[in-house]
Amino acid sequence: MTEPAQRALLPAGLRDILPPEAEFEAAVVERLMATFGAQGYERVKPPLVEFEDSLLAGSGAAMGPHTFRLMDPVSQRMMAVRADMTLQIARIATSRLRNAPRPLRLSYAGQVLRVKGDDLRPERQFGQVGVELIGTAAAAADAEAVLLAAAALAAVGVSGLSIDLSSPRLAPAVVAAHGASLGENKPLRDALDRKDAAEVSVLGGPAAAMLAALLRAAGPAASTLAALAKLALPPEAAAEARRVGEVVALIRGAAPELRLTIDPVENRNFEYHTGLCFTLFADRVRGMLGRGGRYVAGESHSPGRGEPATGFTLFTDSLLRALPAPAQRRRLYLPSGTPAATAAKWRGEGWATVAGLDPVADARAEARRLACSHVLTGDRPQAVE
Amino acid sequence: MAANEKLVLALPQGRILAEVVPLLARAGIVPEPEFDAPATRQLRFATNHAGLDIIRTRSFDVATFVAFGAAQLGIAGNDVLMEFNFTELYAPLDLGIGRCRISVAEPADLIAHDDPVRWSHVRIATKYPKLTRRYFAARGVQAECVKLNGAVELAPALGLCRRIVDLVSTGATLRANGLVEIERIAEVTSRLIVNRAALKVRHEQVSPWIERIAAAARAARAA
C-alpha cells in the first residue's frame, strides 16, 4: 500500500498547477491566441500522439532523442508523443491543407512531453503556443514572425524583451566555401557553439579567420550588420547575411524600439531550421521565452517538394516566469439563501461569487476562510479585511 | 537580470585562484581587501568597479552558477565544462592558466597484463562520472563510475576499484600512490565562461569584460 503522501509524488519533471496559476496560464494562452487570430492566423489542433515514423520523419528526426514512444495495441505500430508541435502543424499544412491558399497562417496551443528536461527547464511537460507561416520565402514573412512574437509578448505584459537573430546556414556556408563541411566536423561545431575563439582558430583550417570574425561580430543588430558588411564573405554566406539585413530593416521600420541582437553563428535550439532564426529573451528571465525561424515544411512527406515556412513557438512555463504575478480576481461570498438572481447580478458586474451552502453564524469569518475578498452584507459587497 | 543590476563574476576556490587573481589585476579588476583575508566568511566581494562583484565557490559550482544565470561570468576548467556539458554556457576564452590534463590511471603492477582493447566494462573512481562514461562509451566500453569528491588516488590501493580518472599536473600524486597514467582524455586549462542569455540581453555590459580579460590573458602569455 502506498501511503497518501507518497501517492502525491509525481514523476520527475511533471507537476500539478494550482490556483491561481492554472487560470492565469490559461488566460495568458488565450490572450496570445487572440493576438495571433487578430493577424489572420487560424487555430489548428493536432493530436497528442502520432505514429512514430510520421512524427519523427525527415526534420523530425532531430526530436527523436526527446520523444516518448509507446506501442499502439490496435495497429501494432510504434507511436510517439509529441515533443514539439511545429512539425505537426507542418504535416497538417502539407497534407490535409495542401490545397488551402498560400501563404497559410496557422496557430496552435498545446502541451508537449519530453523524455528529459534540460538545464534550465527541468519540466518534461510544458505548453507550446505558436504560429506557422507556410508557403512563402519572403523576407516580409520572416519579419512578420518576429514582429508578431514581439506584439503577442507585449500584449501579455512581458517587459524588457530582447530578440536574438541568427542564421544557422551562415557558418556552414563559410566552411563549405573553403572546401570543408561543418556538419562533418563536430569538434569545430562544438567550438563554435561554445564561442571558443581559440579552439575555432585551431580547428577552423582555412576558414578559421572568417569564423573568428563571425564570432566577434555578435552583438547589437546595427553593429553586427556593419561588421558583416566589412567581411569578404563567400557568395552563399553573403546572401544569408544580406537576408538578415533585409529582415532587420523591415523589423526596424515597423518597431524601431524593439531590442535586436544578431549572433551569426548561433545554432543551439535550432534542430530543424534552415534560414533566419530567432530566440526570445527578456530581462529577469534566465532562459529563452521561445524561439522560431525558417524551416522546410513537409519535406519528410514529399522529399524535394517541401514548402518554405517560418514561425515561432513560445514556452508557457518560461513565459509565466517572465510575467508579474496575476491580479487576484475579486471573490464575493454570498451567505446561504442569497437569491440566484442577486448572485447573477454580481457576476454580471465582474465578481466571482462563492455561494454559502449552509447558514453560518459569522458570514465575514466564513468569507475570509474561503479566501473571499468581500462578503455580501445586505445588498452591498463589504471588504472582509 | 535588469540592465542596471550588478554583474557577478564567479571564481573557483583553491589551486587556480592563485593564478586567477594576478590575471584579473592585469585586466584592472581588484577585489576588496576582505577577499584576501584567510579567515573570512564572506562569500561575495565588491571590486574596484561598482558594476562588478566577485563570488568564490567550488570549481564545479562555478559552472552551475553561471549556467543558471546566478552569475553572468565565471572562470572554470574545461574539465568541469566537459563534465556538465551545460548548453547555457559559452566559453569564449582560454585563459591559458591552471594547465593540467585529465587522465586514466591504474596501478603500476596492473599494466603488465592489461590490454585496454579487451575491455568491455571497467569500474572507475572519479570526480567526473559523466565525462568518464562518455569517454569510454565512445570506444565501446561501459564505465561503471564510483563518484568521489576527493582523494581519488587512494581508491585503487584500498581496493575500491582498479582504475581512476582524475586531473594530473606533475604526476607526483599518482607516483606517490603507485599509479601510472595510461591514457590522456583531454588537456585542461581554465576558461572564461559566460551565461548565454546574459551575453545576448546584456551584451553592452558583458562583452567589454570579455575583451579586457582576453587582453590581459594575451599580455600574460606574452610576458
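This is a predicted model: local features need pLDDT of at least 70, side-chain atom pairs count only at pLDDT 80 or more; totals for chains, interfaces and linings use all residues.
Hello everyone, and thanks for coming. First, the housekeeping. Residues are numbered from 1 along each chain as its sequence is written, and chains are lettered from A and ligands numbered from 1 in the order in which they are written. Local features need pLDDT of at least 70, side-chain atom pairs count only at pLDDT 80 or more, totals for chains, interfaces and linings use all residues, and side-chain values use heavy atoms, with hydrogens and water left out.

Let's begin with helix α6 of chain A, residues 170–177. Helices here are DSSP runs of H or I with at least four residues, strands are runs of E with at least two, and both are numbered from the N terminus. How do α6(A) and α11(A), residues 235–254, sit against each other? Their axes come within 8 Å and cross at roughly 160 degrees. Axes are lines fitted to C-alpha atoms, for helices over the stretch in contact, and angles run from 0 to 180 degrees between N-to-C directions. The pair is therefore roughly antiparallel; the labels are roughly parallel under 35 degrees, roughly antiparallel over 145, roughly perpendicular from 65 to 115, and oblique for the rest.

The crossing of α6(A) and α11(A) is left-handed, that is, the near helix is turned anticlockwise from the far one by less than a right angle, with clockwise giving right-handed. On the α6(A) side the contact uses A:Leu170, A:Ala173 and A:Val174, and on the α11(A) side A:Glu236, A:Ala237, A:Glu240 and A:Ala241; contact means heavy atoms within 4.5 Å. By class that is five nonpolar, no polar and two charged residues. For the classes, Ala, Val, Leu, Ile, Met, Phe, Trp, Tyr, Cys and Pro are nonpolar, Asp, Glu, Lys and Arg are charged, and the others, Gly among them, are polar.

Helix α6(A) also packs on α9(A), residues 208–217, at about 165 degrees with the axes 10 Å apart. These two are therefore roughly antiparallel as well, and their crossing is right-handed. Here A:Leu170, A:Ala171, A:Val174 and A:Val175 meet A:Met210, A:Leu211 and A:Leu214 of α9(A). That contact has seven nonpolar residues, no polar and no charged ones.

Our next pair is α2(A) with α5(A), residues 139–155, which pack at about 140 degrees with axes 9 Å apart. That angle makes them oblique, and the crossing is right-handed. From α2(A) come A:Arg31, A:Leu32, A:Thr35 and A:Phe36, facing A:Leu148, A:Ala151, A:Ala152, A:Leu153 and A:Ala155 of α5(A).

Now some backbone. The A:Pro19 to A:Pro20 peptide bond is cis, with omega near 0 degrees, and A:Pro20 is in the loop between α1 and α2 of chain A. Another cis bond joins A:Arg102 and A:Pro103, with omega about -5 degrees; A:Pro103 is in the loop between α4 and β5. A:Gln76 has a positive phi of about 60 degrees without being a glycine, and this residue lies in the loop between β3 and β4.

How many cavities of 30 Å³ or more does the whole structure hold? The search finds five. A cavity is a set of points, on a 1 Å grid over the protein atoms alone, where a 1.4 Å probe fits but cannot get out, and lining residues have an atom within 4 Å of a point. The largest share, three residues, comes from β9(A). Overall the lining has three nonpolar, three polar and four charged residues.

Thanks, and over to you!

Key
On a 1 Å grid over the protein atoms alone, a cavity is a set of points where a 1.4 Å probe fits but cannot get out, and a pocket is an open set with protein on both sides within 12 Å along at least five of seven lines; lining residues have an atom within 4 Å of a point. Grid points are joined across faces, edges and corners, and a volume is the space filled by probe spheres set on the points.
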